[in-house]
Amino acid sequence: MRAAILERPGHPLATTTVPDPRPRPGQLRLEVAACAVCRTDLHLRDAEIPASTLPIVLGHQIVARTDDGRRVGVPWLGWTDGSCPYCRSGRENLCVNARFTGRDIDGGFAEQAVADERFCLPLPDGLPDEQVAPLLCGGLIGYRALRFTGDARNLGLYGFGSAAHMICQVAVHQGRRVFAFTRPEDARTQAFARELGAAWAGGSDAPPPEPLDAAIIFASAGELVPRALRALAPGGTVVCAGIHMSDIPSFSYDDLWRERTIRSVANLTREDGREFLSLAPQVPVRTSITRYDLDHAEDALADLRAGRFEGAAVVVPAAR
Ligand SMILES: [Zn+2]
Ligand SMILES: [Zn+2]
């Protein structure tokens, strides 16, 4: 099969022919229809987070068909031990032996993949493969982050990429007011946020017009944490939704005082997946995608790094 391979972090993905993957007991053989790109793929490519095995096929938002014709989604959480204290307390996202798709297990920037059947998610009908793929990480980990904002009415979203463009729609559907923060001067992304229902959009260097009850940081810039903290009303929460962030600058305790909270969100549970994938069609969440074929998977990562598209990038096997 053809696959886009990460051989050495810090170097471009190479699209090449490799042996077809062979399913082990409990795994499904999958024909990949689409695989959306996540910022985590870029962090792995850029050696900001380590891959546990090399070479590796990146991509953990896989929409695929099984040999018996079912459409399934393969998310980031690829395997857990089911027996550690976290698994036994409903927190499999924190499993001490967890294995992740596209980091520990070959992912979906390929024509075929294999995946543990227990971690494949059912997908809602009615959405095309390429449109549903971004729901599988940006959507559902974004939704996990949104849940941690409680009943916040004024919600800030820092970094308006794939995850935020979906979570903005969910938050507006829930009756919240969304304040979208983009790179300074990025008028195009600010307009995109307003189209999706944001009440306000501006640069991340500007304060919002009203205090926020909560903020979710999707961007990987640590300096956004104290900025978001200073935009919060008392009792508000900053949720850091990414897997990697640059160092957070020091800040005054006054910024945290009055019961403000900072927390991170790590990975997903299968329950998060089922909950979000049943909610998404009710909103309905509409994804804005840019398509790349397998030969151009590296270009998708470069364009994500440079902020050259709105919404999500999706890699599809060629000739479709
Ligand atoms: Zn992801
Ligand atoms: Zn476990």
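The centres of domain 1 and domain 2 lie 25 Å apart, taken over C-alpha atoms. Domain 1 spans 2–136 + 268–316, and domain 2 spans 139–264; these bounds come from an automatic or database domain assignment. This is a predicted model: local features need pLDDT of at least 70, side-chain atom pairs count only at pLDDT 80 or more, and totals for chains, interfaces and linings use all residues. Residues are numbered from 1 along each chain as its sequence is written, while chains are lettered from A and ligands numbered from 1 in the order in which they are written.

- Domain 1 gives 23 residues to the contact and domain 2 gives 19 residues; two residues are in contact if their C-beta atoms, placed from the backbone, lie within 7 Å.
- On the side of domain 1 that touches domain 2, α1 (39–45) and α8 (270–279) each supply at least two residues.
- Helices (H or I, at least four residues) and strands (E, at least two) are DSSP runs, numbered from the N terminus.
- That side of domain 1 holds eleven nonpolar, seven polar and five charged residues.
- Ala, Val, Leu, Ile, Met, Phe, Trp, Tyr, Cys and Pro count as nonpolar, Asp, Glu, Lys and Arg as charged, and the others, Gly among them, as polar.

**Helix α3**

- Helix α3 (residues 138–147) is largely enclosed by the rest of the structure, because nine of its ten residues are buried.
- A buried residue has 20 or more other C-beta atoms within 10 Å of its own, an exposed one has 12 or fewer, and a partly exposed one falls in between, with C-beta atoms placed from the backbone.
- The buried residues of α3 include Gly138, Ile141, Gly142, Ala145 and Leu146.
- Their cover includes α4 (162–173), β14 (212–217), β15 (232–240), α8 and β18 (312–316).
- The axes of α3 and α8 come within 9 Å and cross at roughly 100 degrees.
- Axes are lines fitted to C-alpha atoms, for helices over the stretch in contact, and angles run from 0 to 180 degrees between N-to-C directions.
- α3 and α8 are therefore roughly perpendicular to each other; that term covers 65 to 115 degrees, with under 35 roughly parallel, over 145 roughly antiparallel and the rest oblique.
- Gly139, Leu140, Tyr143 and Arg144 in α3 meet Asp272, Gly273 and Phe276 in α8.
- By class, this contact of α3 with α8 has three nonpolar, two polar and two charged residues.

**Six-stranded sheet**

- Six strands form an open sheet with parallel pairing, in the order β13-β12-β11-β14-β15-β16; two strands pair if DSSP finds at least two bridges between them.
- β13 (200–203) and β16 (261–264) are the edge strands, each pairing on one side only.
- On average, neighbouring strands of this sheet are turned by 20 degrees against each other, direction ignored.
- Strand β11 (residues 154–158) pairs with β14 in the parallel sense over four bridges, and Tyr158 stands opposite Ile217 in β14.
- α4 lies across β11, β12 (177–182) and β14, and runs at about 165 degrees to β12.

**Antiparallel pairings**

- Three strands make an open sheet with antiparallel pairing, in the order β2-β1-β4.
- β2 (14–17) and β4 (56–57) are its edge strands.
- Strand β1 (residues 2–6) is joined to β2 by four bridges, with Ile5 opposite Ala14 in β2.
- Four bridges also join the antiparallel strands β5 (residues 62–66) and β6 (residues 71–74), where Ile62 stands opposite Val74 in β6.
- Their hairpin has four residues between the strands, and Gly69 takes a positive phi near 85 degrees.
- β6 also pairs with strand β10 (residues 121–122) over two antiparallel bridges; Val72 has Pro122 in β10 as its bridge partner.
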